[in-house]
Amino acid sequence: MNLLSLSYLVFVPVVWVLSRLIRSTRGRQILWLAASYFFYATWSLKFLAVLLVSSVVNYALGNYLRRKPTAGRLWVGVGFNILLLGTFKYLPVWSTQLGPGHLPGFLENLILPVGVSFWTFEALSYLFDVYREEELDPSLTEFCLYLAFWPTVLSGPVCRLPELLPQFRNAEPVWDDITEGVRRIILGLFMKTVLSQMLGAGLRPGEGVDFGFNQIAHGWTGADVLILALGFGFQMYFDFAGYSNIVIGTARLFGIRLRENFRDPFLSTSPAEFWTRWHMSLSFWIRDYVFLPLATWKPQVWWRHFALIIAMMLFGFWHGPDSTYIIWGALQGLFLVAHRQYQQLERRTNTKIPAGLASIAGWAVTFCFMLLSWVVFRANDLHQAATMFKALVHFSGYHHFVLSRNFVAMTIVIAVAYFMVAGLRRLADNLKQVPAMSRVGWALSPLMYSAAMLSIVIMSIHKAVFVYLQF
Amino acid sequence: MTEAIKEMTDYIARELVRRPGVEITSETPLVSSGLIDSFALVEIFVKLEKLTNRRIPAAKIQPKDMDTVCLMFATAERIGKPRQ
């Protein structure tokens with residue numbers, strides 16, 4: 001069962017009604033856990049078995065660590081989770097790259113449990129928090145629910161137990177939760193099934209980002225590469241931010257507030273700001289549990305830069321063991337370091353650039369870098385990425401497209417519309433104080449949601465798959 | 001301690017805050033408000049160890065423990081060990 005299926009549309013209301021009928025906290029937790037395990041088991045019983053083992057072992061490791069929070073005990077827990085992730089996520093890929101016969105047969109045939117990277121990072125954050133002597137006392141049911149909670153189990157957001165535990169104990173949805181939850185779900189469905197789908201698959205066969213990257217064999221012009229980078233950046237954003245909206249909205253129906261995962265990342269005016277707006281739950285996880293402990297290990301400035309590059313490479317590696325992800329991470333780290341150097345130079349030389357100009361220039365540099373770095377992330381291999389970058393510096397190729405004109409126009413329209421909507425939203429926020437304007441917003445909402453629902457229904461004939469499920 | 005808190009507050013306002021011109025006090029939320037980035041957090045950590053003359057185990061610290069200058073010093077007091 002996935003979040004776009006009709007069965008999910010039945011599953012959520014049934015669990016919601018049942019949880020309204022059960023008054024005791026423990027009873028509700030058991031219901032949610034059973035619902036989560038049922039949801040996960042619809043993917044595969046084997047996946048559920050791995051999740052169960054991870055939950056029980058991590059719970060036991062947490063208790064062992066709580067009795068004596070030493071670094072040695074923490075490393076036992078970290079080691080277990082790295083082993084689990086390595087075995088199920090990385091080993092099968094390496095085994096394929098090595099070719100048959102290099103590993104025992106059962107290791108070559110392992111299947112990647114969907115969401116394993118997300119819930120393993122949640123388990124790790126629990127162990128780190130116990131080591132930091134946070135006051136956490138989950139029961140086994142609560143801990144298992146934390147890892148398996150069905151809205152987040154497939155693709156996050158990567159949650160933290162200190163935020164969820166009080167909510168598992170006291171969540172009581174009010175009317176605002178329901179309306180906000182439904183609004184987020186509709187918005188998420190629109191982003192995912194309409195916008196991301198249009199960019200990914202195009203409107204006709206032979207169009208779309210996927211076709212552009214997979215089918216055009218080394219024939220890209222510089223203009224094609226720019227459009228593909230733009231298209232893929234927005235496809236990823238609408239796909240994953242849309243998914244996150246559906247997840248956050250579903251949890252909100254039950255009175256649970258999850259952490260946000262995206263906050264208008266393409267409006268960022270620096271790379272440091274971008275990483276506080278894009279896949280925030282993972283970005284903050286890396287900051288809190290990898291970068292800060294590593295960067296403060298040695299006092300030298302070069303070490304901090306090195307730690308940042310390592311942390312961002314880990315961010316890339318989290319997506320998979322492919323060299324494209326690791327190089328993408330290293331590029332992000334280098335860009336962050338370069339931005340830091342620029343900031344320090346600005347302070348040292350006491351350079352005063354007008355705030356408006358600095359914001360525009362910062363936005364343009366950040367946006368262009370992020371889009372171009374998506375080429376490395378999305379390319380099927382490094383050779384393809386290199387070919388596409390070569391096309392970028394062939395200036396004679398900018399006067400024509402290999403991509404279909406429909407797709408080029410659609411990508412530009414969607415990108416421009418994104419910035420227009422972001423601008424209008426800011427304007428609307430400023431105008432909210434004016435009562436007449438808030439009435440206009442109230443009157444327009446049903447029209448906008450009806451249009452969104454209609455386009456969701458029309459586009460749902462295409463089979464949509466979440467890009468982030470593969471991680 | 002008051003001197004050290006003042007020195008840290010001035011250092012953050014002068015060297016680390018993203019938005020120039022923002023008034024920083026010892027109670028201003030820094031991490032949760034987005035006024036400082038991860039790099040600045042590390043620089044604050046190093047400065048905190050110097051000002052308090054304590055070794056602070058980084059793995060035991062969360063960004064929320066460093067959200068205001070007052071919280072930083074309380075955290076250093078709580079989990080830092082005096083340097084020999």
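This is a predicted model: local features need pLDDT of at least 70, side-chain atom pairs count only at pLDDT 80 or more; totals for chains, interfaces and linings use all residues.
I begin with a pair of helices in chain A. Helix α11, residues 222-253, packs against helix α16, residues 355-378, at an angle of about 85 degrees. The two helices α11(A) and α16(A) are therefore roughly perpendicular to each other. Their axes lie 8 Å apart. On the side of α11(A), the contact is made by Val225(A), Ala229(A), Leu230(A), Phe232(A), Gly233(A) and Met236(A). From α16(A) come Met370(A), Leu371(A), Leu372(A), Trp374(A), Val375(A) and Arg378(A). Sorted by class, this contact has ten nonpolar residues, one polar and one charged.

I move next to the contact between the chains. Chain A contributes 16 residues and chain B contributes 14 residues. In chain A, α13 (280-295) and α15 (323-348) each supply at least two residues of the side that touches chain B. The largest share of that side, six residues, comes from α13(A). In terms of class, the residues of chain A that touch chain B comprise eight nonpolar, two polar and six charged.

Finally, let us consider α13(A) itself. Where does α13(A) bend? The bend, of about 35 degrees, is at Arg287(A). The end C-alpha atoms of α13(A) are only 20 Å apart, whereas a straight helix would reach 22 Å at 1.5 Å a residue.

Conventions. Residues are numbered from 1 along each chain as its sequence is written. Chains are lettered from A and ligands numbered from 1 in the order in which they are written. Two residues are in contact if their C-beta atoms, placed from the backbone, lie within 7 Å. Helices (H or I, at least four residues) and strands (E, at least two) are DSSP runs, numbered from the N terminus. Ala, Val, Leu, Ile, Met, Phe, Trp, Tyr, Cys and Pro count as nonpolar, Asp, Glu, Lys and Arg as charged, and the others, Gly among them, as polar. The expected span of a helix is 1.5 Å times one less than its number of residues. The bend at a residue is the angle between axes fitted to the seven residues ending there and the seven starting there. Axes are lines fitted to C-alpha atoms, for helices over the stretch in contact, and angles run from 0 to 180 degrees between N-to-C directions. Angles under 35 degrees count as roughly parallel, over 145 as roughly antiparallel, 65 to 115 as roughly perpendicular and the rest as oblique.
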